Amino acid sequence: MEKSEKLQELVTSEQIIKEKKNLSYDCDICKKVFSLKGNLISHKCIHAGEKPLHCDICGRSFTYNSEIIRHKRGDTFSVSNSLTQHKRIHHTGERPYHCDICGKSFSQNYALTQHKRIHSGEKPYHCDICGKSFFNGSSLTQHKRIHTGEKPYRCDICGKSFSVSSSLTQHKRVHTGEKPYHCDICGKSFSQNSHLARHKHIHTGVKGKG
């Protein structure tokens, strides 16, 4: 009897494994099918325009964990097209993509696509919490942190956290004393571009807001 029960348990376990193998998870937006629920969750970020994973070195955002792993190890030029784009950004300064409305140029096609939305007013990325719309997915991701309170960018000196990487960059200048914005009239330097803009009103006589 004991041997029979063990055999039954073994058969039942095999059935459960087979059933699990046959499980599938369908995207209700595009109907794409996934064998793992986690892959479906990651996939849905594409439709939402979300990039929830962030590089703690440069702040760049990614949809998939595999993308951020490749990025961090520097394996970003495995495709010749990626290398071409990298050279335009960091070495040659080439900007072959031109806006036919205002003439502004870009090194990458996706940047031109995003730019054109300024002219068209198209905002395809929508917040599912408040309904606010945005030109690109990264702006939506940053906006959602208002609702969630998430602050993924942390200062390694004082521990203060920020919702966007640019705020952390500005904050770190408090510690380093860096002032990269210089007045071309008197030479005075500032840690933030907005401070330089306010300062220039002294020379121009134009009063800024506030």
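R173 is buried, with a relative accessible area of 13%; buried here stands for under 20% relative accessible area, exposed for over 50%, and partly exposed for what falls in between, with a 1.4 Å probe and protein chains only. This is a predicted model, in which local features need pLDDT of at least 70 and side-chain atom pairs count only at pLDDT 80 or more, while totals for chains, interfaces and linings use all residues. Residues are numbered from 1 along each chain as its sequence is written, and side-chain values use heavy atoms, with hydrogens and water left out.

The partner of R173 is E178: the two form a salt bridge in which the closest N and O atoms are 3.7 Å apart. The term requires a side-chain nitrogen of Lys or Arg within 4 Å of a carboxyl oxygen of Asp or Glu. E178 has 42% relative accessibility and counts as partly exposed. In the whole structure, 7 salt bridges are found. Side chains of opposite charge can pair when their charged atoms come close.

Another of these bridges joins R145 and E150, with an N to O distance of 3.6 Å. R145 is buried at a relative accessible area of 5%, and E150 is partly exposed at 37%.

D184 and K200 also meet through their side chains in a salt bridge, at 3.4 Å from N to O. Because D184 lies in the loop between β11 (181-182) and β12 (189-190) and K200 in helix α8 (residues 193-204), this pair ties together parts that are 16 residues apart in sequence. Helices (H or I, at least four residues) and strands (E, at least two) are DSSP runs, numbered from the N terminus. D184 is exposed, at 62% relative accessibility, and K200 is partly exposed, at 27%.

A charge also meets a ring in this model: K123 lies over the face of F135, at 5.1 Å from the ring centre. For this, NZ of Lys or CZ of Arg must be within 6 Å of the ring centre and within 35 degrees of the ring normal.

Helix α5 (residues 109-120) has 12 residues, which at 1.5 Å a residue should span 16 Å; its end C-alpha atoms are 17 Å apart, which agrees. The expected span is 1.5 Å times one less than the number of residues. The buried residues of α5 are L112, H115 and R117. Among the elements that cover them are β5 (97-98), β6 (105-106) and β7 (125-126). Just after α5, G121 has a positive phi of about 80°.

Helix α6 (residues 137-148) contains H143, which is buried at 9% relative accessibility. The side chain of H143 makes a polar contact with that of H147, at 3.1 Å. Such a contact is a pair of N or O atoms within 3.5 Å; within protein, one must be able to donate a hydrogen and the other to accept it, and residues adjacent in sequence count only if both atoms are side-chain atoms. An α-helix has 3.6 residues a turn, so residues three or four places apart point the same way. Leaving out residues up to four places away in sequence, H143 touches C127, C130, K132 and F134, where contact means heavy atoms within 4.5 Å.

For the chain as a whole, there are 8 helices and 12 strands. Of its 210 residues, 21% are buried. Among contacts with a separation of 6 or more, 8% are between residues 24 or more positions apart.
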